[in-house]
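These notebook entries record what I looked up in the structure. I begin with helix packing and then turn to rings and charged pairs.

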Amino acid sequence: MGSLEIRIAEGRSELEVVGSLMLQLRSGYDLDGMLSQIEAQQERGYRVAYAEEGGRAVCAAGFAIKTGLAWGKHMYIEDLVTDSERRSSGMGRVMMDWLKSHAREHGCEQIHLDSSVRRFPAHRFYLREGFKIASHHFSIVDLR
């Protein structure tokens with residue numbers, strides 16, 4: 001695999017390049033809703049890094065750099081997706097290497113993410129990339 005350039009999406013036009021790919025992970029959105037949500041989250045520090053080939057995003061990661069009592073300064077990866085036609089091609093590893101480097105450059109002490117309990121291929125990838133299963137995530141998803 002050739003060298004992929006990873007960059008952070010800036011502005012609506014770059015987000016449009018990434019949006020269709022992000023829909024593979026977050027299928028509950030339509031493209032306009034996805035872009036509006038990303039723009040709202042960007043106001044709170046969310047960023048989208050992506051790799052592009054032939055004018056199309058092939059791998060993307062949504063993340064934020066935060067500071068908190070539990071983890072100190074850390075990167076939280078909210079979204080990570082490789083195009084379904086390009087999975088197992090090494091792009092995820094290239095993106096993860098970039099994320100680790102970016103976190104270090106910004107003084108992060110840790111990287112965290114959550115993954116659905118049913119995403120076994122993703123779990124294997126995260127374990128290969130050095131992540132540990134460190135906690136259980138509890139949620140109430142229908143709070144009324």
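**Entry 1: helix H3.** I looked up what the buried residues of H3 pack against, and I found S1, S2, strand S3 (56–68), S4, S5 and H4. Contact here means heavy atoms within 4.5 Å. Helices (H or I, at least four residues) and strands (E, at least two) are DSSP runs, numbered from the N terminus. I note that this is a predicted model, in which local features need pLDDT of at least 70 and side-chain atom pairs count only at pLDDT 80 or more, while totals for chains, interfaces and linings use all residues. Residues are numbered from 1 along each chain as its sequence is written, and side-chain values use heavy atoms, with hydrogens and water left out.

I then listed the buried residues of H3: Met91, Gly92, Met95, Met96, Leu99, Lys100, His102 and Ala103. Buried means under 20% relative accessible area, exposed over 50%, and partly exposed in between (1.4 Å probe, protein chains only). I also checked the length of H3: at 1.5 Å a residue its 15 residues should span 21 Å, and the end C-alpha atoms are 21 Å apart, which agrees. The expected span is 1.5 Å times one less than the number of residues. Gly107 follows H3 and has a positive phi, near 75 degrees.

**Entry 2: helix H4.** In H4 I found Ala122, Phe125 and Tyr126 buried. They lie on the same side of H4, because they cover an arc of only 95 degrees around the axis; the arc is that of the directions from the helix axis to the C-beta atoms. On the face turned away from this buried side I noted the exposed residues Phe120, Pro121 and Arg128. The cover over the buried residues of H4 includes strand S4 (72–82), H3 and strand S5 (110–113). Just after H4, Gly130 takes a positive phi of about 100 degrees.

**Entry 3: aromatic rings.** I counted three aromatic pairs in the structure. Among them, Tyr126 and Phe131 are edge-to-face, at 5.8 Å centre to centre with 65 degrees between the planes. Rings of Phe, Tyr and Trp (its six-membered ring) pair if their centres lie within 6.5 Å; planes under 30 degrees apart count as stacked, over 60 as edge-to-face and the rest as tilted. Both Tyr126 and Phe131 are buried. Ring pairs link Phe125, Tyr126 and Phe131 into a cluster.

**Entry 4: salt bridges.** How many salt bridges does the structure hold? I found eleven, each a side-chain nitrogen of Lys or Arg within 4 Å of a carboxyl oxygen of Asp or Glu. Side chains of opposite charge can pair when their charged atoms come close.

Arg7 and Glu52 meet in one of these, at 2.3 Å from N to O. This pair links distant parts of the chain, with Arg7 in strand S1 (residues 6–8) and Glu52 in strand S2 (residues 47–53), 45 residues apart. I recorded Arg7 as partly exposed at 27% relative accessible area and Glu52 as partly exposed at 26%.

Arg93 forms a salt bridge with Glu129, the closest N and O atoms being 3.0 Å apart. Arg93 lies in helix H3 (residues 91–105) and Glu129 in the segment after helix H4 (120–128), so the pair ties together parts 36 residues apart in sequence.

Arg144 pairs with Asp142, with the closest N and O atoms 2.8 Å apart; Arg144 counts as exposed at 85% relative accessibility. Finally, I noted that salt bridges with shared partners join Glu5, Arg7, Glu14 and Glu52 into one network.
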